[in-house]
Amino acid sequence: VTEFKEQLKEEGYGDAAPLEYGPNKTSEMHTHDFSCFILVLEGEFGLQTEQGINRYRQGEAFKLHAGVRHAELTRAEGVKALLGKK
């Protein structure tokens, strides 16, 4: 977590904020006007884009650029993560 927070700062993202999704969530496809850098703390975070679905588990981090169409997906355990935005 400390390394992730340092990397957020180095790359110009805002402070890490908690992010939590409940079990079996599937959002509609959408975009954001900001880029995200996310570290999964618990559960599994599914990210569906035009290229398919990627799944991220505890300890894995990923970036999502502003304007990319996507949907968030969770499984039965839900997901807890940290999120930095820029």
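**Figure 1. Exposure of Pro23 in the predicted model.** Pro23 has a relative accessibility of 54%. The cut-off for exposed is over 50%, so Pro23 counts as exposed. The residue sits in a loop. That loop runs between strand S1 (17-21) and strand S2 (36-49).

**Figure 2. Contacts of Pro23 beyond its sequence neighbours.** Neighbours within four places in sequence are left aside here. Pro23 is then in contact with Thr74, Arg75, Ala76 and Gly78. Take Thr74, one of these partners. Pro23 and Thr74 lie 51 residues apart in sequence. In space, their C-alpha atoms are 6.0 Å apart.

**Figure 3. Fold of the chain around the Pro23 loop.** The chain holds one helix and five strands. Their order along the sequence is α-β-β-β-β-β. The radius of gyration is 12 Å, close to the 12 Å given by the globule rule for 86 residues, so the chain is as compact as a globular protein of that length. The C-alpha atoms fill a box of roughly 30 × 25 × 20 Å along the principal axes. Consider contacts with a separation of 6 or more: residues 24 or more positions apart account for 71% of them.

**Figure 4. Surface and charge of the chain.** Of the 86 residues, 37% count as buried. The accessible surface comes to about 5,300 Å². Carbon and sulfur atoms contribute 44% of that surface. The chain carries 11 positive and 14 negative charges.

How values were computed. Residues are numbered from 1 along each chain as its sequence is written. This is a predicted model: local features need pLDDT of at least 70, side-chain atom pairs count only at pLDDT 80 or more; totals for chains, interfaces and linings use all residues. Side-chain values use heavy atoms; hydrogens and water are left out. Helices (H or I, at least four residues) and strands (E, at least two) are DSSP runs, numbered from the N terminus. Buried means under 20% relative accessible area, exposed over 50%, partly exposed in between (1.4 Å probe, protein chains only). Contact means heavy atoms within 4.5 Å. The radius of gyration is taken over C-alpha atoms; the globule rule is 2.2 Å times the number of residues to the power 0.38. Accessible areas come from the Shrake-Rupley method with a 1.4 Å probe; for residues, only the protein chains shown count as cover. Lys and Arg count as positive and Asp and Glu as negative; His and the chain ends are not counted. The place of a charge is taken as NZ of Lys, CZ of Arg, CG of Asp or CD of Glu.
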